[in-house]
Amino acid sequence: MASSPPRPGRDTRVARLPPRERILDAAEELFLREGVRAVGVQAIAERAKTTKMALYRHFVTKDALIEEWLRIVAAGYSTAFDRTEAEHPGDGRAQVLAVTRFIAEGLPDIARRGCPFVNSIAGLPDREHPARRLIEDHKATQLRRLTGMCERAGVRAPGEAAAEITFLMEGAQISAQNGSVDRVGERLLTAVEGVLDRGRTGGGR
């Protein structure tokens, strides 16, 4: 596969990173572009301007590198949930909509590079792979947190609403990635508002 042009300013930015972060940055570039299964350790080391030996000092195996990369990605989503709950204490509706906006704002990057979780699952056929378990645990935690937000929003069946919102968010990411739907972010926000409005005790806002 031919190499794609580096991100503007990448070489300058990455050169300032410590070795471990350079390796993770290189792994992200290659994993998103070619998939976790196709990318070898040598390619990652070369992209990070280091050696395989140096890479293995930080990550015992390629699987450990995949897992750490996905842990960082998952932490970004968790931080967004934390920030949302802190900015809208007790207001479940505002929390859900803020999380939805966070997803919507990330769709252009998903369209360009793909969803790290979706892209990685295809290369992790073993359900017991630590990275795959990490993804499953992250998604389960996210669903629980959305359920709590829906409950605070006064939704009659918060678990069902959270599941529907999860379908919408993940469907929006896939649609952004494959270009099948226009105005994906706008449509996502409207659809999530509809779920919350339909589920409210007594109906309406």
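A nonpolar core is a set of buried Ala, Val, Leu, Ile, Met, Phe, Trp, Tyr and Cys residues joined through side-chain atoms within 4.5 Å. Buried means under 20% relative accessible area, exposed over 50%, and partly exposed in between, with a 1.4 Å probe and protein chains only. The model is predicted, so local features need pLDDT of at least 70 and side-chain atom pairs count only at pLDDT 80 or more, while totals for chains, interfaces and linings use all residues. Residues are numbered from 1 along each chain as its sequence is written, and side-chain values use heavy atoms, with hydrogens and water left out.

The largest nonpolar core has 52 residues, and those with the most contacts inside it are Phe31, Ile44, Leu65 and Ile165. Two or more residues each come from H2, helix H3 (41–47), H5, H6, H7, H9, H10 and helix H11 (184–199); helices (H or I, at least four residues) and strands (E, at least two) are DSSP runs, numbered from the N terminus. H5 gives the most to this core, with 8 residues.

Phe31 counts as buried because its relative accessibility is 1%. Not counting residues up to four places away in sequence, Phe31 touches Val36, Val39, Ile44, Lys62, Leu65, Ile66 and Trp69, where contact means heavy atoms within 4.5 Å. A charged residue of helix H5, Glu68, is also buried, because its relative accessibility is 19%. With the sequence neighbours up to four places away again left out, Glu68 touches Arg20, Leu24 and Phe59.

Next come the aromatic rings. Rings of Phe, Tyr and Trp (its six-membered ring) pair if their centres lie within 6.5 Å; planes under 30 degrees apart count as stacked, over 60 as edge-to-face and the rest as tilted. The whole structure holds 3 aromatic pairs. In one of them, the rings of Phe31 and Trp69 have centres 5.3 Å apart and planes at 50°, so the pair is tilted. Phe31 lies in helix H2 and Trp69 in helix H5, so this pair ties together parts that are 38 residues apart in sequence. Trp69 has 3% relative accessibility and therefore counts as buried.

Another pair, Tyr77 and Phe117, is tilted because the ring centres are 5.9 Å apart and the planes stand at 45°. Here Tyr77 in helix H5 is linked to Phe117 in helix H8 (residues 116–121), 40 residues apart. Tyr77 counts as buried at 13% relative accessibility, and Phe117 does so at 3%. Ring pairs join Tyr77, Phe102 and Phe117 into a cluster.

On a 1 Å grid over the protein atoms alone, a cavity is a set of points where a 1.4 Å probe fits but cannot get out, and a pocket is an open set with protein on both sides within 12 Å along at least five of seven lines; lining residues have an atom within 4 Å of a point. Grid points are joined across faces, edges and corners, and a volume is the space filled by probe spheres set on the points.

The largest pocket holds about 370 Å³ of space. It is lined by 17 residues, of which Glu28, Val73, Tyr77, Asp109 and Pro116 are the closest to its centre. The structure has 1 cavity of 30 Å³ or more, and the largest cavity has a volume of about 50 Å³. Tyr77 is among the residues that line the largest cavity, and H10 gives the most to that lining, with 4 residues.
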